[in-house]
Amino acid sequence: MRALVTGAGHRVGRAIAVELAKAGFEVAIHYRTSRAGAEATLAAVRAAGSNGLLVHGDLARVSEVHGVVDAVRGAWETLDLLVNNASMFKPVAFEEITLDHWETMMGVHVRAPFLLTQGLLPLLRAGGATEGRAPGEGGVVVNIADIGAERPLPGFAAYSVSKAALVMLTKALAVELAPAVRCVGISPGQVAWPPDYDEDKRERIARRIPMGRVGSPGDVARLVRFVAVEGAYLNGVILPVDGGLQARY
Ligand SMILES: NC(=O)c1ccc[n+]([C@@H]2O[C@H](COP(=O)([O-])OP(=O)(O)OC[C@H]3O[C@@H](n4cnc5c(N)ncnc54)[C@H](OP(=O)(O)O)[C@@H]3O)[C@@H](O)[C@H]2O)c1
């Protein structure tokens with residue numbers, strides 16, 4: 001079994017890579033700036049009993065997205081799972097959003113998942129590792145969105161719009177690529193703190209969550225594994241993993 005996880009040098013991406021390794025996946029660990037983090041992820045993947053490779057690229061740049069596709073196609077002939085996880089979460093007041101910021105958000109959250117899926121489609125069609133899948137059913141694309149794709153946070157217009165587009169890309173691919181390739185979205189709530197949130201802000205957020213606590217990268221990782229390994233009939237859905245936050249008024 002083989003998976004590509006983007007943005008896997010830290011946090012949620014690393015947890016996904018390691019969870020997949022535990023389930024027997026080899027993992028292509030993509031990173032942009034976090035070379036040391038990606039190496040640590042690879043070490044953790046090996047410690048979990050599997051293996052992998054490092055893949056580098058700035059997903060805001062089309063030529064580098066093609067480079068990621070080429071690197072995976074050069075290493076493997078089949079792919080069972082593509083996880084579009086890489087992301088930029090940066091507040092910018094609406095009046096201050098530059099064209100460059102807007103295009104970077106759309107580039108990383110929408111264009112890159114589109115190009116990676118398109119470029120790796122032959123491998124995904126030839127792959128597939130989900131228990132109980134029918135003949136002709138291959139691999140799966142998992143897009144990591146955000147509950148903010150439906151309920152935006154002030155200061156995150158470009159982020160929220162790009163994640164909402166990723167949700168629609170997920171549904172569009174699900175109806176067009178199935179049954180050969182499934183496409184599923186996962187929308188986390190709070191599962192890893194942005195480094196600049198102080199204790200007060202963290203407590204305020206946690207109090208609003210019906211579960212009474214924030215989640216963890218592992219909560220997302222275990223859901224990715226479930227979708228890839230056991231979710232043979234999951235397609236075109238966006239699964240929240242948010243402790244009930246989205247359900248709350
Ligand atoms: N954290 C949460 O509580 C939360 C909540 C809702 C949704 N999510 C979603 O869950 C996913 C993972 O969250 P996270 O907090 O672990 O993410 P993160 O740490 O903010 O970002 C993950 C990785 O994305 C990579 N990345 C950023 N810009 C890139 C670019 N231009 N090209 C290539 N890679 C780029 C970075 O790689 P390098 O470090 O190598 O540069 C980074 O390590 C994201 O899709 C996020 O939107 C997270």
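How many salt bridges does the structure hold? The structure holds six salt bridges, a salt bridge being a side-chain nitrogen of Lys or Arg within 4 Å of a carboxyl oxygen of Asp or Glu.

1. **Ground rules.** Please keep in mind that this is a predicted model, where local features need pLDDT of at least 70, side-chain atom pairs count only at pLDDT 80 or more, and totals for chains, interfaces and linings use all residues. Residues are numbered from 1 along each chain as its sequence is written, and side-chain values use heavy atoms, with hydrogens and water left out.

2. **The network around Glu-19.** Salt bridges link Glu-19, Lys-22 and Arg-225 in a network. Lys-22 and Glu-19 pair at 3.6 Å, N to O. These two residues are separated by about one helical turn because they sit three residues apart in helix 1 (residues 11–22). Helices here are DSSP runs of H or I with at least four residues, strands are runs of E with at least two, and both are numbered from the N terminus.

3. Buried means under 20% relative accessible area, exposed over 50%, and partly exposed in between (1.4 Å probe, protein chains only). On that scale Glu-19 is buried at 11%, Arg-225 is partly exposed at 23%, and Lys-22 is exposed at 58%.

4. **Another bridge.** Asp-58 and Arg-61 form a salt bridge through their side chains, at 3.5 Å from N to O. Asp-58 counts as buried, with 18% relative accessibility.

5. Asp-242, in the segment after strand 7 (238–241), deserves a look. Asp-242 is buried yet has no salt bridge, and Arg-151, the nearest side chain of opposite charge, is 8.2 Å away. For charge, Lys and Arg count as positive and Asp and Glu as negative, while His and the chain ends are not counted. What does the side chain of Asp-242 reach at 2.7 Å? It reaches the backbone nitrogen of Gln-246. Leaving aside residues up to four places away in sequence, Asp-242 touches Ile-147, Gly-189 and Ile-209, where contact means heavy atoms within 4.5 Å.

6. **Strand 2 and its neighbours.** Strand 2 (residues 26–31) is largely enclosed by the rest of the structure, because five of its six residues are buried. Strand 1 (residues 2–5) runs parallel to strand 2 and is joined to it by four bridges; two strands pair if DSSP finds at least two bridges between them. Within this pairing, Ala-3 stands opposite Val-27. The chain passes from strand 1 through helix 1 to strand 2 in a right-handed β-α-β crossover, right-handed meaning that, with the strands pointing away from the viewer, the path from the first strand over the helix to the second runs clockwise.

7. **On to strand 3.** Strand 2 is also parallel to strand 3 (residues 52–56), with five bridges between them, and His-30 faces Val-55 there. The chain reaches strand 3 from strand 2 through helix 2 (residues 35–47), and this β-α-β crossover is right-handed.

8. **Arg-35.** Finally, Arg-35 lies in helix 2 and is partly exposed at 42% relative accessible area. Its C-alpha atom is 28 Å from that of Val-214, 179 residues apart along the chain.

Definitions and conventions: A polar contact is a pair of N or O atoms within 3.5 Å; within protein, one must be able to donate a hydrogen and the other to accept it, and residues adjacent in sequence count only if both atoms are side-chain atoms.
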